[in-house]
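Let's take a walk through this model together. Have the structure open and follow along.

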Amino acid sequence: MAFRRALKRLLQEIPNQCVYVQGSRCYSTEARQMVTMIPGDGIGPEISQSVKDIFSAAGAPVDWEDVDVTPVKGPDGNFRLPPKIFDSMDRTKVGLKGPLATPIGKGHQSLNLALRKAFNLYANVRPCKSIEGYKTPYNDVDLVTIRENTEGEYSGIEHVIVDGVVQSIKKITEEASMRVAEYAFAYARDNNRDTVTAVHKANIMKMTDGLFLKCCRHVAEQNKDIKFKEMYLDTVCLNMVQDPTQFDVLVMPNLYGDILSDLCAGLIGGLGVTPSGNIGQDGAIFESVHGTAPDIAGEDKANPTALLLSAVMMLRYMGLSPYAQRIEMACFDVIREGRVLTGDLGGSSKCSEFTEEICRKVRESE
Amino acid sequence: APVDWEDVDVTPVKGPDGNFRLPPKIFDSMDRTKVGLKGPLATPIGKGHQSLNLALRKAFNLYANVRPCKSIEGYKTPYNDVDLVTIRENTEGEYSGIEHVIVDGVVQSIKKITEEASMRVAEYAFAYARDNNRDTVTAVHKANIMKMTDGLFLKCCRHVAEQNKDIKFKEMYLDTVCLNMVQDPTQFDVLVMPNLYGDILSDLCAGLIGGLGVTPSGNIGQDGAIFESVHGTAPDIAGEDKANPTALLLSAVMMLRYMGLSPYAQRIEMACFDVIREGRVLTGDLGGSSKCSEFTEEICRKVRESE
């Protein structure tokens with residue numbers, strides 16, 4: 001076992017080669033791609049290793065460049081992301097990120113914000129699909145929230161008007177709205193989805209949400225092979241908790257996306273099983289959106305599902321769908337079978353056992 | 001119940017300027033009674049129509065929208081034992097209506113939060129909690145992102161919490177509330193929040209207990225209160241004795257409590273819930289085949305029995 005693991009790690013470090021190992025499969029002449037891996041804090045390193053192991057079992061042509069994003073103190077006394085993360089992502093264009101601990105205290109730059117700005121990550125994508133074997137009040141949920149992630153209510157522009165009166169600005173631009181709408185329709189097409197629904201409150205916010213809606217309608221006109229609907233945010237929420245199966249791809253401005261993406265994650269079981277992707281013009285970062293779980297960090301108890309499913313999204317993004325399919329299916333099979341489950345999924349297995357079970361299934365599925 | 005009704009038709013009337021306005025009689029009536037009960041209104045199409053809801057809200061300074069959401073036995077949803085109340089600030093926030101074009105293709109809308117409105121709704125939330133024997137008030141916000149606006153709202157809630165130490169106080173991010181709400185709504189009690197969040201959460205919570213057809217709603221003002229059903233006019237079944245009066249009835253029950261007539265509220269509410277639980281006489285939307293009048297008579301029967 002140790003030999004195979006050592007050999008795997010050795011082979012991961014040799015790019016672009018066709019290697020035959022006794023009894024093992026050829027890593028083929030398929031071009032290997034480098035991915036920036038940010039393991040993160042707490043359970044981050046454990047679940048990142050799980051993902052690497054599973055990818056390896058699948059023979060996915062992916063090499064990992066690990067980067068530690070612990071903030072470094074600059075000459076001005078403020079903490080910043082270390083330059084190596086930007087260097088790495090500049091080369092790889094694709095990242096996988098585990099949970100990061102929120103630094104306390106002044107002078108800390110928001111890591112998520114810095115990454116988003118650096119790579120122009122404009123769309124946050126969360127596919128929410130019911131997981132057989134992980135019971136929630138809902139079955140057959142299969143929707144995707146696509147959230148505009150650069151503007152809207154989160155522009156950060158606020159000011160005091162007079163004492164006791166404050167304002168914050170919600171900014172909507174045609175450029176950002178068109179961009180995310182175009183992404184939504186392309187995503188729908190690439191993933192064989194039927195309908196894109198724009199979620200808005202244009203009855204109340206006539207100009208801002210009105211502009212967003214106008215852009216969605218415009219893009220819909222150019223993508224007539226995909227159905228297009230419009231629905232008020234409050235109506236979506238009302239209907240979502242009564243019958244989520246009526247929804248497919250949902251596209252919306254920033255704040256609504258923040259709310260709906262978490263609402264939908266709750267429908268399928270929470271952040272521990274929900275994948276997330278941030279798509280940019282200059283790259284993409286896929287990430288688990290749960291916390292660092294310091295209470296179980298290092299105890300081999302973590303559930304790698306969320307990070308793994310995010311990595312599956314990443315494989316599809318990279319054009320490696322067959323690997324995505326096999327890994328995803330193995331993961332879902334293990335959960336459905338229910339014999340080897342981590343604590344949060346209702347079982348008592350270790351993270352490594354859960355991981356190995358998925359690896360086993362992945363190897364079987366070749 | 002010692003209540004007399006003054007019916008008012010709020011069909012808009014055309015004024016001298018060509019614009020449609022609410023008829024003056026609604027304002028006259030409410031000025032005298034201070035309490036209203038409102039059914040569903042059709043949305044007028046076309047220009048020149050003043051929003052009726054907006055006009056009523058402004059005229060009577062209705063600043064808090066209150067929706068108690070309680071699971072109804074006999075009306076199955078994916079959730080049991082929901083028992084929470086959303087209290088939504090209803091005058092400002094994201095719905096200030098202030099928007100403008102910056103340059104071509106760039107628009108802005110203003111979210112306004114004032115100390116006055118935030119304090120007022122926070123004070124109402126704690127008073128409501130006390131009057132209705134509720135345990136905890138939770139402020140729902142996004143002050144991590146909107147530091148000034150939601151920050152001010154939160155500050156006001158904290159201030160009022162300090163003055164109402166007999167009621168527990170919590171704070172939770174809106175996205176976390178939504179995430180948790182659909183996994184376990186029983187963890188929530190009274191929720192207070194700014195306008196947009198209230199719009200969303202109140203509908204989300206209505207969905208948990210079965211939708212707008214069974215959800216009561218009250219609008220509390222400084223100069224009066226209006227209780228209302230929040231479902232539509234259902235033109236397809238209008239006049240056919242098929243409608244479900246539950247939402248309006250439960251809103252009327254809220255109204256009785258507001259008016260200090262709790263014993264009547266209790267009897268009527270219990271009768272309504274008993275009929276739904278027993279499941280023999282239910283309107284179509286509740287899964288039965290009874291007429292509106294039959295459902296109503298069954299509730300009347302139970303109310304008379306309960307004296």
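What follows goes from chain A to the interface, and then to some individual residues.

A word on conventions: this is a predicted model, in which local features need pLDDT of at least 70 and side-chain atom pairs count only at pLDDT 80 or more, while totals for chains, interfaces and linings use all residues. Residues are numbered from 1 along each chain as its sequence is written, chains are lettered from A and ligands numbered from 1 in the order in which they are written, and side-chain values use heavy atoms, with hydrogens and water left out.

Start with chain A, which has 11 helices and 14 strands; helices (H or I, at least four residues) and strands (E, at least two) are DSSP runs, numbered from the N terminus. Of its 366 residues, 57% are buried. Here buried means under 20% relative accessible area, exposed means over 50%, and partly exposed is in between, with a 1.4 Å probe and protein chains only. Chain A exposes about 15500 Å², and carbon and sulfur atoms supply 50% of that; these areas come from the Shrake-Rupley method with a 1.4 Å probe, and for residues only the protein chains shown count as cover. Look at contacts (heavy atoms within 4.5 Å) in chain A between residues at least 6 apart in sequence: 72% of them join residues at least 24 apart.

Now zoom in on helix α7 of chain A, residues 233-240. Seven of its eight residues are buried, so the helix is largely enclosed by the rest of the structure. Among the buried ones are Leu233(A), Asp234(A) and Met240(A). What covers them?

(A salt bridge is a side-chain nitrogen of Lys or Arg within 4 Å of a carboxyl oxygen of Asp or Glu.) Asp234(A) sits in helix α7 and Lys201(A) in the loop between β10 and α6 (208-221) of chain A, so the pair ties together parts that are 33 residues apart in sequence. Both ends are covered: Asp234(A) counts as buried at 11% relative accessibility, and Lys201(A) is buried at 2%.

Arg336(A) is partly exposed, at 39%, and Glu132(A) is exposed, at 55%. Chain A also has a network of salt bridges linking Glu337(A), Arg339(A), Glu357(A), Arg360(A), Lys361(A) and Glu364(A). Over all chains, the structure holds 50 salt bridges.

Next, the interface. Chain B and chain A bury about 3700 Å² between them, 68% of it on carbon and sulfur atoms; buried area is the accessible area (1.4 Å probe) that two parts lose on being put together, summed over both. Glu99(B), Val107(B) and Met148(B) supply 16% of the area that chain B buries against chain A, more than any other three residues. Each chain brings 44 residues to the contact. Two salt bridges cross the interface, and the side chains of Lys142(B) and Asp258(A) meet in a salt bridge at 2.7 Å, N to O.

Finally, some spots in chain B. Ser202(B) is in helix α6 (residues 195-209) and is buried, with a relative accessible area of 0%. Leaving aside neighbours within four places in sequence, Ser202(B) is in contact with Arg67(B) and Thr86(B). Glu278(B), in helix α8 (residues 262-278) of chain B, is partly exposed at 36%. Over in helix α9 (residues 292-305) of chain B, Arg301(B) and Glu305(B) are four residues apart, so about one helical turn separates them. They form a salt bridge, with the closest N and O atoms 2.8 Å apart.
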